[in-house]
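My entries follow in the order I made them.

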Amino acid sequence: MTYKETLDWMFGQLPMYQQKGAAALNAKLDNIILFSDVLGNPHTKFKTIHVAGTNGKGSSSHMLASILQEAGYKVGLYTSPHLKDFRERIKINGKPVDKKFVKEFIDGNKNFLEYHRLSFFEMTVGMAFSYFAKEEVDVAVIEVGLGGRLDSTNIITPEVSLITNIGLDHTQILGDTLEKIALEKAGIIKPNVPVVISERQPETETIFSLIAHQLKSKIVFADELSLPIYSTDLLGDYQERNLKGVLACIRQLKGFDISENEISNGLKRVVANTGLMGRWQVLDKRPLVVCDTAHNKEGLWWVLQQIKKQQYGQLHMVLGFVNDKDVKGVLGMFPKEAKYYFVRPSISRGMDVEELASLALGQGLEGQAYKTVKKGYKAALTSAEAEDMIYVGGSTFVVAEVV
């Protein structure tokens, strides 16, 4: 197969969570354990940091990778989902996995993958771990895909685990309370491995503390530490919460030589070092165009607070969602004075724009429905004056179509 045919096969033949939702999940680790065994257990051949959480785990993972790169280490980074190119998921020192490796990995394991019906995510995790082992990385930052306990990445024993925060997202899979979701996230805590919790939350702190105690794992609540203040090139005030978890995580790493200067430089060069996109990303200045991948109530709340701090004439909101979110609950937070452009991301789970427009109208939000993100975005650009602001978001998949 060519590289394109390989990707088409990966995306098309096997169920994938971002396309099919809960139906794509294999709620057990049997497949990835078996696959890793066949691959020679590559995940045991390099050190790792494991990152989970509802919001902030992607930004935190990229910050950690950038700091480690500045300190001179060869750093693997595994994240999901991607925005433009599948290879964004698997990087070493900011460089995406090469197409040849992707093609040869699938070609070489295709019979196994088909016979055992591995999910898209399982095969991608196996690919990432194999690539990092082959390239002999010093350390890899591994972002959890969904949850933690039964996530395919959870076969690693990291140097330190980081849990960013807990919010109500993927409730049909992880549970409908913060406590239930925390139990799933806490599944990444390993015996005698320190765990950092970015922020103490009343509903979840007891669960994390109890499990850490049972596993004899040191637990650190980062927001209670006195930490130096650093600046970062990741825009958005909400990054301050992620920053504390990242700094506490670096402090818990043993056997790594990382200076204050390297931490500072790493945080200032996250985008340059890792290629991160979609976190309060400024696409244009006149009008101000910002996109952000926040897609649940907690994440969007912080983004909306950031929007309130901006100076603009008229606010234009290009919004689209997927079907498995509490869209009605989220829409109630959005400003009623904004002009809305309702769009549907081009995936099967994309919410119908007429349904979205109807829900929005019920919340006092008025606007037009557009069948595609491209059309809605173009309409906003045409309508906006130079002093206005355009926000694009609601879903990772909406942002993917504009960056």
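Which residues of strand β2 (residues 75-78) are buried on one side, and which on the other? I found Val75 and Leu77 buried on one side and Gly76 and Tyr78 buried on the other, which leaves both faces of β2 covered. I took buried as under 20% relative accessible area, exposed as over 50% and partly exposed as in between, with a 1.4 Å probe and protein chains only. In a regular strand, side chains alternate between the two faces of the sheet.

Ground rules, noted before going on. The model is predicted, with local features needing pLDDT of at least 70 and side-chain atom pairs counted only at pLDDT 80 or more, while totals for chains, interfaces and linings use all residues. Residues are numbered from 1 along each chain as its sequence is written, and side-chain values use heavy atoms, with hydrogens and water left out.

I took helices (H or I, at least four residues) and strands (E, at least two) as DSSP runs numbered from the N terminus. Two strands pair if DSSP finds at least two bridges between them.

I traced an open sheet of eight strands with mixed pairing, in the order β4-β3-β2-β5-β1-β6-β7-β8. The edges are β4 (95-96) and β8 (219-221), each with a single partner strand, so one side of each has no neighbour in the sheet. Helix α9 (residues 205-214) packs on the sheet and touches β6 (160-163), β7 (195-197) and β8. I counted contact as heavy atoms within 4.5 Å. The direction of α9 makes about 155 degrees with that of β8; axes are lines fitted to C-alpha atoms, for helices over the stretch in contact, and angles run from 0 to 180 degrees between N-to-C directions.

I then went through the pairings. β2 runs parallel to strand β5 (residues 139-143), joined by four bridges, and tyrosine 78 has isoleucine 142 in β5 as its bridge partner. β2 runs antiparallel to β3, joined by three bridges, and glycine 76 stands opposite isoleucine 92 in β3. Strand β3 (residues 90-92) in turn pairs with β4 in the antiparallel sense over two bridges. There, lysine 91 has proline 96 of β4 as its bridge partner.

Strand β9 (residues 281-285) pairs with β10 in the antiparallel sense over four bridges, and a hairpin joins the two through two residues. Lysine 285 stands opposite leucine 288 in β10. Strand β14 (residues 389-393) runs parallel to β10, with four bridges between them. Cysteine 291 has valine 392 in β14 as its bridge partner.

**Entry: rings**

How many aromatic pairs does a search of the whole structure find? I got 14. Rings of Phe, Tyr and Trp (its six-membered ring) pair if their centres lie within 6.5 Å; planes under 30 degrees apart count as stacked, over 60 as edge-to-face and the rest as tilted.

Phenylalanine 101 and tyrosine 131 form a tilted pair, 4.8 Å centre to centre with 55 degrees between the planes. The pair links distant parts of the chain, 30 residues apart: phenylalanine 101 is in helix α5 (residues 99-116) and tyrosine 131 in helix α6 (residues 120-134). Both residues are buried. I also noted one aromatic cluster made of Phe35, Phe101, Phe105, Phe112 and Tyr131.

**Entry: helix α4 side chains**

Is serine 59 buried or exposed? Serine 59 is buried, with a relative accessible area of 3%; its place is in helix α4 (residues 57-70). Not counting residues up to four places away in sequence, serine 59 touches Leu234, Gln239, Asn242, Leu276 and Arg279.

Leucine 64 is also placed in helix α4, and at 0% relative accessibility leucine 64 counts as buried. Leaving aside neighbours within four places in sequence, I listed its contacts as Ile49, Val51, Val141, Leu162, Val246, Cys249 and Ile250. From leucine 64 to glycine 245 I noted 9.9 Å, C-alpha to C-alpha, and 181 residues in sequence.
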